[in-house]
Structure formats: structure tokens, C-alpha cells
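Here is a short report for a first look at this structure. Keep the sequence and the 3D view at hand while reading.

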Amino acid sequence: MEIALSCDGLVKTYGSGTKAVHALQGVSLSVSGGEIFSLLGPNGAGKTTLIKCVLGIVFTSAGSGSVLGSPFGSVSAKEHIGYLPENHRYPAHLTGGQVLRYFGKLSGLEAAKLESQITRTLELTGMSDWRDTKVKKYSKGMMQRLGLAQALINEPQLIMLDEPTDGVDPVGRKEIREVLVRLKNEGKTIFLNSHLLSEVERISDRVVIMDHGKIVEQGTVEALTRTGNIYQLKLGNVTPEVLSALHVALLPTADGSLEMSFLTVEELNAAIDYLRGQSVLIESIVPKKSTLEDRFVDLFKSGDITHQ
Amino acid sequence: MLRKFLAIVEDTIREGLAKKTILGMLIVSTVTIIIAVLLFQMDSVQKGLLSPAGEHIKNGSNQPAPGLMGLSVLEYVWMSISMMLLVASIFVGSFVTTGFITSLMEKGNIDLLLSKPVPRWLYIVGRYSGAVLIILVEVSYLIFGLWLVAGLSLHTWSGVFLASIPLITLSFAGVYALVTLVGILTRSSWFAMIIGLAIYVLASIVVPIAQWIDKLLNGDTGGGIVTTVAKIFHYTIPSEGMGGALNEVLLSKELHSTPLFLTTGLAMVYVAIACYAFSKKEF
Ligand SMILES: Nc1ncnc2c1ncn2[C@@H]1O[C@H](COP(=O)(O)OP(=O)(O)OP(=O)(O)O)[C@@H](O)[C@H]1O
Ligand SMILES: [Mg+2]
């Protein structure tokens, strides 16, 4: 599969001297065409800075990168990129339709195509009824939907979204997720910045976690959320004596079942044999997968990451 | 490219129309035209305007002032109005339009604009052109309106009066190029306006002051080093000398093109520097 975006040893330093902010400190990654790629990380990790480097809104300090086969910031590549900035603001005196028309023209759409694209993107984002309403009357979630419509106006190959579901209600979020999956099925590449991990893990093919301008973890959602051999067992008529004889780490959970961790599947089976030998009733055994959020919190709590 | 340029100009005009100040300027112009209609209805005003200026304005020895020979009061009044408009369009015009440059760079707006397949300089040139276009329309409306009123009431149609439309607009365009550059460097509309206008005013008075200093320093008149530096400064600021050119066109019907070329050239240079500065900026 061809590469939609890649960078190698990307460095971005804002300012200089003692006031220098090292927003990106040698980031290398690549995004394949047609995938949903998510960039995660705490506030200030450098996620937005990376997108700004790609689009030429800021200039990289060192390292190289290419987007849709052109260098970062190239005007010709931008014809095929859609972008939803964080905290975007549109001129308050324009209506939703006028905003799309303006940005559509800047994207280089011709008149006939433009009108059909305005209608299409408004429909896609559920904003058709608000086409002729001034932007200043929009709620936050509506602004976000209009922003998404704007990012799609030029039928981009690569869609870069910075916190797309920010301020959107749960129904709206679900709709936005559906739109993103639909776009992926049309073969578009989606680059997502988000803190809403639960959202990201549902739709992302690949995730990169950043902190302090460096990549700290990357892989498929599947790989990042697999946590080894933790099983959730629901047991009937078990006594504390039986449990203590098991010699495994136990963690009671809210629904009364127990989380046990075993080094191997054999150990698990030995434990089952032992419990059955003691006439303990096993009601259920569930292998536990942590959510990406757990992984994320673990990563930043456990000191895996050294903060400078 | 042209389509993108027009889209930026159109957006600038829309932003302008959404501002009360530009509407305010149109209203003031309309009121001025209405007052002119009322004044020009009066017999005495009509008679007065058509009489030779020399009858009314005398110099110390009770002779008509030499510059006014052969001019009617109307032409003299017209010249005064044009000069006032020149100053007003530069000052009021800058006040009203300086926001176009800084609003372009507002957070949340600029990121999106820069993500579009549009070369950065086009935004500056588009916004600059939009502002100049707005002032052109305002100035044309007022001057053409007054010219029409004067023509209809007095039955004299002098096309040369209309020459003040391009000259005043060009004067504004020159100063606005300076304001645009300062606006991009400082990102503050107040700074842009105050510093831009201060440089313009300073350049227009600096030469006589420098000559005076030179006189104090070494007794001779002009020609000193201070005067030379002042002259260089004076001639690198756009729109200096445009007032003189306007005066000349209206009074002696002669056009000296040097200030026009100089202003056009300098405006282009300042806009080009502004584009360069903008292309190097990070947001
Ligand atoms: N224009 C700028 N000038 C100076 N420093 C900046 C600028 N923009 C960002 N920074 C700094 O760079 C670092 C990374 O910021 P960035 O906006 O990329 O983070 P982020 O991961 O997008 O955070 P968030 O999740 O809060 O949006 C931060 O320390 C920030 O303060
Ligand atoms: Mg961010």
C-alpha cells in the first residue's frame, strides 16, 4: 500500500535560547493510504504541531517529511488534503453555506462542482437544515460538524482532523465516527488527533502515542490493548482459604468476579483443576482486554515515560 | 489562481460590510451629498460659486492671490474639498481597513487558510486589494455624487474634478501598503494604524525640520547631511507628494506623474515586503 504521509527524524523547536519549546524531538512515522491513523498524547505532546508541520503552517527545524508524494507544505499536495483545525473559528457574518463556498473556492473547486459538494458535505454531516443560518448562531457541536464538512469540501485523499469530536454530543460523535468509517471505505486516508481514546480505538487501524515531542508507543489498537494473561473469573461457593492456596495475584471487581493473572495458559488450567478439585463452581472465565484508555493511563502513570 | 484571488477579495468586502464603520462612512458620504444638494439650491451660493475666486480671496496688497487667477470659487472650493478628502481617506480609511490584515492572522482562522492550496502571498495581495477597492468605492461615491450635484445645479461640468477619485485612492493605497507591512510584523491593528500613519506624517514634515536643523548646525540652508538623510526617508515613503499632485491637477490642470509613479512603485515594494514577511511567519 502506498504511503500517504511519512516523516523521518522530524524536529520542531519554537523560539530559541532559554525560551525554546521542543515541541517535536525526532518523530518518525508513516501513514499508509486508506487507513485510519490516530495520534494520541497528553496536552502539549506535539500532536497539533505535527499537523502544522505537514501543512506548512509552521516550518520544521530538522528532519524530513513527505505528504502525498510532495514535501511538507507544498501547495499542490494541499489540493488533496482536508483539514479540521482545533479551535477553528469561522467569520461570524457568514452562513454555513457561505463558509463552505469560500473555502471550496480556495481549494480550487470549479463553480458547478462546488455547489454539489456543498450540498453533499452538509448532508453527510447532518447540517443541511443550517445551510442558510449565520455561523454566529451555531452551537459548538454544529461548528464542529461544519468544520468537518469544510474539511471534506474538496474530496480530499488525506483528511487531517484535530479533535474532530470536541464538543459534539454522543449521538453526533457516533455519526462522525460513521462518516469517518464511510470515508475510509471510499479509500481515503484519515489522520486523527484525539484525546478521546475510547473513540479512537473503535475505528483506528493504527495508533501512535506521543509525549513531550517523542513517540512512546505505536502499533495496532489490537496490539496496544493486549495485556497478557489476565482473566476474569466468576466463582461460586469459594472460601478465602481456597483462594489463598492458589498463590496468584487477585483483584476483586465491581460485579463480584475476580481478576487473576497467570504467566501461561498452563498455569490457568492448573488453577482451574485445583479449584474444581476443591468443588468450587466456575461460572465464567473471560480473558480480559484492557481498553486503550487503560493502556494510555498505565503508560503515563507507570513511569514508562520519563518526564524531563 | 484568479478565482482564488477573487474569493479572497470578496471575503474581504463581506467582512467590511459586516463592520459598522464602513457603513458609517457611506452614511456620512450620503449626508454630505444631501447637504450639498440643499446648499446648491440657494441662489446666493450658486452665484458665489461661479464668480472668480480672485474677487473674494485677496493677498496682503489687496490684489487677487496669484494662484487663483482665472479660477472660479467653485474650483477653489473643489480643490479644498479634495484635499480634505485626501487626508480623510488616508486616516479614516486606514482606521477602517487595518483590521483586514490582522483578522486574517487570527488564531483558528489562519491555520485553516494556510491549509488550503493557496500561496501565502495571495492572501496579502487579496486583502490589500479588497481594502483598496472598498476605499475606491467610498471615494467614488462621494466625489461622483458631489460632482453630479454641482453639475446639475450650476450647469458646469468639469471632468477634471473627477481626477481626484484615482488620485485620492492611490494616496490611500500607498499609505495602506505601509500599514499592511506594519500590521503583519506586529499583528496588532492599533500598532499598524498608529505606526503606519506616524511614519507617513513624519515623512511629510521631516524635510523642512531637517533643513532647520542643518541651518542651526552649520549655518547654511539645506544641503547638509541631516537634510540628505531626511530626503531619502521622505522619498522612500509612499504617497508623499500626492497632495501636491492633486492640487496641481485641480488648479492648473497639469498632471505631474512623478509622485504617481513613485507612490505606485513604493506601494508595490511595501506590499511585496509584507508578502515576504508573511511567507516566513509561523502560526
Ligand atoms: N506557536 C507556538 N509558539 C510556541 N510554542 C508553541 C506554539 N504552538 C505550540 N507550542 C508548544 O509546543 C508544544 C506542543 O504543542 P501542541 O499544540 O502541538 O500540543 P498538542 O499535543 O496538540 O496538545 P493538545 O492536546 O493540548 O492540543 C506545547 O508545549 C506548546 O506550548
Ligand atoms: Mg492540539
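## The magnesium site

Thr48(A), through OG1, and Glu86(A), through OE, coordinate the magnesium ion (ligand 2) at 1.9 to 2.7 Å. Thr48(A) sits in helix α1 (residues 47-55) of chain A, and Glu86(A) in the loop between β6 (81-84) and α3 (96-106) of chain A, so the pair ties together parts that are 38 residues apart in sequence. Donors here are N, O and S atoms within 2.8 Å of the metal (3.2 Å for Na, K and Ca); water is not among the atoms, so sites may look incomplete. Helices (H or I, at least four residues) and strands (E, at least two) are DSSP runs, numbered from the N terminus.

Thr48(A) counts as buried, at 17% relative accessibility. Glu86(A) is partly exposed, with a relative accessible area of 31%. Buried means under 20% relative accessible area, exposed over 50%, and partly exposed in between (1.4 Å probe, protein chains only).

## How to read the model

This is a predicted model: local features need pLDDT of at least 70, side-chain atom pairs count only at pLDDT 80 or more, and totals for chains, interfaces and linings use all residues. Residues are numbered from 1 along each chain as its sequence is written, chains are lettered from A and ligands numbered from 1 in the order in which they are written, and side-chain values use heavy atoms, with hydrogens and water left out.

## Around ligand 1

Ligand 1 is surrounded by 13 residues. The closest are Asn43(A), Gly44(A), Lys47(A), Thr48(A) and Thr49(A). A residue is near a molecule or strand if one of its heavy atoms lies within 4 Å of it.

For Thr48(A) the distance is 2.6 Å. For Asn43(A) it is 2.8 Å. For Glu86(A) it is 3.0 Å.

## Thr49(A) in helix α1

Thr49(A) belongs to helix α1 of chain A. Thr49(A) is buried, with a relative accessible area of 10%. Its side chain makes a polar contact with the side chain of Tyr14(A), at 3.2 Å. A polar contact is a pair of N or O atoms within 3.5 Å; within protein, one must be able to donate a hydrogen and the other to accept it, and residues adjacent in sequence count only if both atoms are side-chain atoms.

Leaving aside residues up to four places away in sequence, Thr49(A) touches Lys12(A), Tyr14(A), Ala23(A), Leu24(A) and Val58(A). Contact means heavy atoms within 4.5 Å.

## The open sheet of chain A

In chain A, four strands form an open sheet in the order β2-β1-β4-β5, with antiparallel pairing. β2 and β5 (70-71) of chain A stand at the edges, each with a single partner strand, so one side of each is left without a neighbour in the sheet. Two strands pair if DSSP finds at least two bridges between them.

Strand β1 (residues 3-14) of chain A runs antiparallel to strand β2 (residues 21-32) of chain A, joined by nine bridges. Ile3(A) has Ser32(A) as its bridge partner in β2(A). Ser6(A) stands opposite Ser30(A) in β2(A). In β4(A), Ser6(A) has Ser66(A) as its bridge partner. Five bridges link β1(A) to strand β4 (residues 62-67) of chain A. The hairpin of β1(A) and β2(A) has six residues between the strands, and Gly15(A) in the turn has a positive phi of about 70°.

## Strand β9 of chain A

Five of the six residues of strand β9 (residues 206-211) of chain A are buried. Strand β3 (residues 36-40) of chain A runs parallel to β9(A), with four bridges. Phe37(A) stands opposite Arg206(A) in β9(A).

Strand β10 (residues 214-220) of chain A pairs with β9(A) in the antiparallel sense over six bridges. Val208(A) stands opposite Gln218(A) in β10(A). Two residues lie between the strands of this hairpin, where His212(A) takes a positive phi near 45°.

## Helix α7 of chain B

Helix α7 (residues 164-186) of chain B has 23 residues, which should span 33 Å at 1.5 Å a residue; its end C-alpha atoms are 32 Å apart, which agrees. The expected span is 1.5 Å times one less than the number of residues. Of the 23 residues of α7(B), 19 are buried, so the helix is largely enclosed by the rest of the structure.

Just after α7(B), Arg187(B) takes a positive phi of about 60°. Arg187(B) is partly exposed, with a relative accessible area of 40%.
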